[in-house]
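Please look over the sequence and the model first.

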Amino acid sequence: MKCEASGVPMPSFSWTKDGKLFDPSTDTELNVTKSFGSFAFSTLSKTMDTLKPYQGKYVCYATNELGTAVSKEAILKTDAPPTQQKQKEKAVTAKFDEGSSIVLKCNPPQSSMEPIIHWMDQKMHHIKLSERVVVGKDGNLYFAHLTMDDSRDDYTCNVQYMVTRTILAQEPITLKVSSSNSVVRNRRPQMMRPAEGESSYQALRGQTIELECIVQGLPTPKITWLKKEGELDESRTFKEMFDRRLRLSNISESDSGEYQCIANNTQGNARHTYHLKVEAAPYWKVIPESLIYAPGEMVRLDCEADGTPSPTISWTRNGEEISGTDSRHTVIAKNASLILNTVDFEDTAVYQCRASNKYGTILTNTYVYIIELPPQIITDDRKVYAVTEGQSASLDCETFGSPKPKVIWERGASYLLDDPRLQPLPDGRLQIINVSHDDEGPYTCSVQNSNLSIIAELEVFNRTVILTPPRNQKVQPGNTAIFTCVGLYDTRLRIPQIQWRKNNRKLMESPSDEKYTFDGAEFIIANVEQDDEGVYTCEIISSLDKVEASATLTLCDRPDPPSLLQISDPRHRGISLSWTPGDDHKSAVLEYVIEFEDQDLKERGWEELKRVGGNQEHVVLSLWPYMSYRFRVIAINEVGKSDPSKPSEVHKTPAEAPDNNPKNVRSESIKPNTLLITWEKMDKRHFNGAKFEYKVLWRRSVGSGPKWHERKTTEPPVIVDDVGNFSAFEIKVQAINAIDAGPEPDPVIGYSGEDVPLEAPIGVGVELLNSTMVVVTWAAIEIESVRGHLLGYKIYLRRMGSRGHRQSRRSTEAESTVVEETGPNEKRKIISNLRPYSRYLLSVAVFNNKAEGPHSEPLPFDTTEGVPGPPTSLILDSPSETEMTLHWTPPAHPNGILTGYLLQYQRITESDDGPLQNDEIDNPTITQFTLKGLDRHSQYRFYLRGLTSAGTGEPIMMTGATTLDGVPPSDISLSVGETSVNVSWEAQKRHRNVGFYIHYFKKNGGWKKSERVNSSQSFYQLRGLVPGSDYLLRFFYGNASFWETGIKTEGTEMTEVQASIATQGWFIGVVSALALLLLILLILCFIKRSKGGKYSVKDKEDGPMDSEARPIKEETFGEYRSLESDLEEKRTASQPSLCEDNKMCSEDTLNFNGSSALTTELNLDESLASQISRPSEGPEGFHGLPDNSPLNPVTVAPTTNGMPNAITILD
């Protein structure tokens, strides 16, 4: 036994046993252990004889100078551990027939400890349990019915005690099941445990109780649990042992009532009623609070307990009983509250409230401390409380003092008693229920009759809500399930966490097998299996609140195919078809499709015959005669179709006479003097027998008498010749087979073939209604001349051209023909949409099914003049800022004689457009007109119409504005590169295009000018600049500069190479000539010596001078000229010098600065010269060319080897 307590000063301990003082320290059989705040004692010996004297009820008391606290009762009981019986029971052998119900007894030893029963075999394998074989709470093994597989000789009951950690094995039982000679008969369910029809149970509140229902029967019964006058609470109700046990956990008085177990099988049902009465040991409803009081106060200690039966309340002070007359200021109220009137320091003590009934006693200690202390507010000032709207907020104002300080809550200058949502609590807190944004702000808590106060800040945030909750899903095995959970939260808070749970168990992402994937608002379950079924809950957890929504994942699949198709109850053209449904895989069958296969027409395959609801298992089918049927059934659920069932046996229906005759019997005679009778072929399933034929009958409908002509055939049509043109016949077709003929058909009227009409309509006339509409009339045609069905009349109107064209021009205008059809009874027709001022030819013809007849004599007529169509085109041109010239082309359809034009225009404004102004042009040949005095800042809308004597025609409309005078660009921006600069500006849309130039200057380089730049371009690239150089840019329009700026190109500036004698062209030429001359002399000397002669210098000097030794001209001194250069000089000698025209020899182009300059004479061939554009006008000559052009000198940057670099060579 161990007792712990705390107090200042540290308490001392004492004990009672069965209500008497007990001192463990004086007992030599006990070991006592005392430590800081605890007292414990234990027995030295663990034998049963030693333990038995210490059985009883123990109470611990802890005492210091302020009072005594009392513990609850601790009851010590002893029990001997269960043991195996000394004498083993005899081996048990049970013999029963197959289908019987039996019980194998376990008989565990008697003990107060709860055993755990395991039925196992000799290999220590558990006996397989099922709905048929279950273990009862008594440990016995129950068989609802026996099968041959139940025979074995090692049914062993093992009894396990967890407290003593022992397992006791009973003697094995042998069970022999005999096979029944006859068919095992089914039996309705019967109760095995409990046996009676009703039973009663009693339990205490908070306990767990199990109701057991074990039944026998064949087939194995199914169990259903019900509660009368209520429903089972799924959160506290669990079914175990294959529904044979109903476990109710944490029960309360509301669980009292009647429960029923209902067992069902195909033979009937059985039921058992359980009467459950729940009582309760005492439990607290109100516990008195330990507080500090001041002398003179009234102390009320409220103590309330409940139980069944109702408990008795008693009070003790420091463990000693209190009565109503113990002292002048101690009163026990009727509701068991303890009231202390006008307390003083002597009332400081520990008071015990004790509640008792027949099921036990509970006790609570309450500390009352009488002292005087000044008031204090312990809660921090300016504490911030954050809640979401709709929650409850609790603002702290913890005080300390004796007497207890009284606090007042205020908001601003007002008290908070008016709002029922704001409730000051006895401990000083302020509770705000259903917080809204209006409650946000500071609250003041102050102590009454003092200057103490604090401020509490309340912040209200938007609540977290789930906008898109997860939805219930049905998924096929192996597929992927995706749950979506989208929430909305207050952005002032941290991003909330989304937590998913399965059956209230947290789920974590599984990177190894990729089973679960959390992707933002989506939760993905891959490769769904049976274990994945359950309730999935999405929790969105913010720092202040939490919301959740749940959805169910159900594993479903296509249904299994139906089985055991049976044909029964054959009747006239019908049978009954039944089947056994397959497993629906948790998705109910919506419908069944019954299909059939005609054994005589297997090429048609399986065809649908009927559909029935998913709750049906049989159907009555209507069949056709003379067919061989096989049937199959397909089940359909939300997932899809099952595989077809196995086909049924073949069912044949007898032959009968045809039920119907062919439909749509008619004459389709086309050829004259011929009657063609046809009809729709009947489906073979309507033949109803063998040797099926059609009997075709016909006779003239007038004057031929009752005689019918007859012909039999197997398919349409039937053709009868020599019957005359368009003669009426009665025709009918009857179906016949080997059994009999079908019903008598009704005759229909048909006609023999039609011929071309003989005559044209007469009395054709025309009446003008207006310029585009006429009325055509004619006389009715003689019906005999039509020689067929009169379908109507065709009116032909051919336009021959305009009335204004001469005969010679009429042929050039395209002719058009209008064809209008009428009904057979019409004699006039209004024709519209004709062209005004045109010539037409009119003719009328009659038509039947065969063809149309001859046309009537052409009747010419003219349409009157009409208003013209719109001009073909309209172009606007603005010669100045206030003028607009309109150019147009005449109307394509003048519809008369054009007399002029009407020009209308108006100024367009943001609110109301200006008034229309009219200018009438009397001359029809004019095709342009200039308007003056227009507003340069406005847009105009122009309408142009043609005029004839009939009136004003349709307009052509155009919107535009005058063009403003051009100005040079503004807002110029530059983008500088190494050898170029990009110039951009915003082009003015309505301004005329103007040209301007860019002058640019480089130090020691002189001014250069660009080509002409158009202001409408909005972009220009100035090229040929030197990298790393400073330039001054001036923009000129006319002779005036309108913008100036300085730039510096990117890159490093290249310096000129100081020409050395080793790199001079004349030096290289002289050295090369001398080397060549020396080589020639050596060759000649060698030849002379090889011939034995002497080389004569005199002969060489007197001979003609070699071209290689020609004297160098003075004008080319210091330069080396190749043969190609000489030839080029000859070829270009007749051409004028480039320097003469282009002034390339000016100081700006050529650089003669002594010997340090490197001058290169260029001789351009014709192809290069043709690529150079003509120089721009002005004194600058070729300054517009880029610096790297062949016409500009190039400065060569020195390199490490003194040779020009690659860039220079490319330049």
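## The sheet 55-56-59

Three strands form an open sheet in the order 55-56-59, and their pairing is antiparallel. Strands here are DSSP runs (E, at least two residues), numbered from the N terminus. Two strands pair if DSSP finds at least two bridges between them. Strand 55 (563-571) and strand 59 (618-622) are the edge strands, and each pairs on one side only. From one strand to the next, the twist averages 25°. Such angles run from 0 to 180 degrees between N-to-C directions, with axes as lines fitted to C-alpha atoms.

Strand 55 and strand 56 (residues 574-580) run antiparallel, joined by five bridges. Opposite Gln566 stands Ser578 in strand 56.

## How the model is read

The model is predicted: local features need pLDDT of at least 70, side-chain atom pairs count only at pLDDT 80 or more, and totals for chains, interfaces and linings use all residues. Residues are numbered from 1 along each chain as its sequence is written, and side-chain values use heavy atoms, with hydrogens and water left out.

## The sheet 69-70-73

This open sheet has three strands in the order 69-70-73, with antiparallel pairing. Its edge strands are strand 69 (765-770) and strand 73 (828-831), each of which pairs on one side only. On average, neighbouring strands of this sheet are turned by 20° against each other, direction ignored.

How many bridges join strand 69 to strand 70? There are five, and strand 70 (residues 773-777) runs antiparallel to strand 69. Gly765 has Thr777 in strand 70 as its bridge partner.

Key:
Helix = DSSP H or I, 4+ residues; strand = E, 2+ residues; numbered from the N terminus.
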